[in-house]
Amino acid sequence: MEIFLQQLINGVTLGSIYGLIAIGYTMVFGIIGMVNFAHGDVFMVSTFIALIAFLALTQILGATSLPFCFIAVLIGAMVLTSLWSYMIERLAYRRLRGSFRLAPLISAIGMSIFLSNLVYVLQGPRNKSMPPLFNDVIQVTQGGGYDVTLSVKQILIVAVTALLLAGFWLLVQKTSLGRAQRACEQDSRMAALLGIDVDRTISLTFVIGAALAAVAGVLYMLYYGVVNSSDGFIPGVKAFTAAVLGGIGSLPGAVLGGLLIGLIETFWSAYFSSDYKDVAAFSILAVTLIFMPSGLFGRPDVEKV
Amino acid sequence: MKAALPKLLLSVHGVKAFYGNIIALKGVDLTINEGEIVALIGANGAGKTTLMMTIFGNPRAQEGAILFEQRDIAAMKTHDIARLGLAQSPEGRRIFPRMTVYENLQMGAAISGQAHFAADLERVFTIFPRLKERSSQRGGTLSGGEQQMLAIGRALMSRPRLLMLDEPSLGLAPLIVKQIFDVIAALNKEEGLTVFLVEQNAYHALKLADRGYVMVNGLITLSGSGRELLARPEIRAAYLEGGH
């Protein structure tokens, strides 16, 4: 029971991070029907931006207030990562729109390789680590041979995720920007007839997806304390799996899929083998695609003609 | 009947457009004056919808000029053309299926802004009370007639100078068709709204229109007042046989 509880806590934490990344996949797929394979690497870039920003703030500028540093790093990473993603879309994808369907996909794979190698060259092959932060731990249960703990880090990760998802949900549902985004997703030609700049809306989608991936990046770095230029791939594919599991194109699906993948992975590690935890996550991808290709929240839409 | 000197609102000169290598418009000429209802009739595949879309820049006119209030819009982007005051209820209606009726109307007002949104919404709900009842329902769950009302209502939300309607009667029950044509007539008569109407339902369209054009295979073959065209034997034979 204690082990179960502990894995639940760990799984939700990890799942939050996957969910944040998964939104970027699902939004971009929803609006242009393309899997942005570089999204995982955009996430990885954000972890490095976060690391560098944190070290610059604390070591060079001498900032001491931890909450201030955290918020500053979060905002800085969101802005810079969004800019990166905006440029990627402009340079590598926009021109290929209207080309054959595989073209932007191949371009995305190229961009993924480019990003991981760029960071590899700039930052070196070794793991980069940062001093551990927010290390206080709350004992949930004590005695009985296994102490269940909940770290401040974990609370912070889940709280920040929940807060940003709420803000993001409001943006998509209640603002004219979000409405334009949904309109382009449902029928971009019609949206253009109504005066919506579709290209701008697509750029915006990349920017929002990247900002959320950057939040995931900051939290990931905070959680593990180590980053590497190859860290984009595995979390990226897992978040993609989460998006597929939730039903690609569905925003609630991406979040739920992220949580499920996080839970499956941690429970698998705890009860079977942590060496094969990636197998568990990726098996889900295969199983979903074979038996439930539209995912949990795939669209069973009634569309009359 | 109308003002003595009609003011030209839209003119299309020698427009050619292609789908891939296939020529869809072979040099189309057409004009619409302010305050008119102009009908474009023709068989399926004649190029009527293509002309509607070409006016909005998608597909682009490869040759010729499209002038809206003397301004050449042939090379402009679709969303910029919409911002000039052209609105379209397109073929197939293209309601956003996973948005509510209200949100669809909000999308229609995307360019006209918040300032008179409430007034415009009230106007659309007065014209189509059914939409008010269905306000919080998803667009995809509406009936065909309701979707057509929504498509027209959405177009009206942008306060257009020129309202373009592509086959508003397609697939609808006769009673609803009559209702929709009455609305078009009233908008034109009471508010002076200029309407460009594409129809296969030639009888209704020509009866309503001030002027009409007939399109065959990507070319305008006949034009004249609605009444003239209705009286022509070749029109009767080609488009009105079998009653109405």
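Val12(B) stands opposite Leu30(B), a residue of strand S2(B). This is a predicted model. In chain B, an open sheet is formed by four strands, and 19 residues of chain A are in contact with 24 residues of chain B.

**Sheet of chain B**
- The strands follow the order S2-S1-S4-S5, and their pairing is antiparallel.
- Strand S2 (22–33) and strand S5 (71–72) of chain B are the edge strands; each has a single partner strand, so one side of each lacks a neighbour in the sheet.

**Pairing of S1(B) and S2(B)**
- Strand S1 of chain B covers residues 8–19 and pairs with S2(B) in the antiparallel sense over nine bridges.
- Opposite Phe18(B) stands Ile23(B), which belongs to S2(B).
- The hairpin of S1(B) and S2(B) has two residues between the strands, and Gly20(B) in this hairpin takes a positive phi near 60 degrees.
- In a regular strand, side chains alternate between the two faces of the sheet.

**Helix against the sheet**
- Helix H1 of chain B, residues 48–55, lies across S1, S2 and strand S4 (61–68) of that chain.
- Relative to S2(B), helix H1(B) runs at about 70 degrees.

**Interface of chains A and B**
- The contact between the chains involves 19 residues of chain A and 24 residues of chain B.
- On the side of chain A that touches chain B, eight residues are nonpolar, three are polar and eight are charged.

Conventions:
Residues numbered from 1 in each chain as written. Chains lettered and ligands numbered in written order. Predicted model: local features only at pLDDT ≥ 70, side-chain atom pairs only at ≥ 80, totals over all residues. Contact = placed C-beta atoms within 7 Å. Nonpolar A, V, L, I, M, F, W, Y, C, P; charged D, E, K, R; others polar. Pairing = 2+ DSSP bridges. Axes fitted to C-alpha atoms, helices over the stretch in contact; angles between N-to-C directions.
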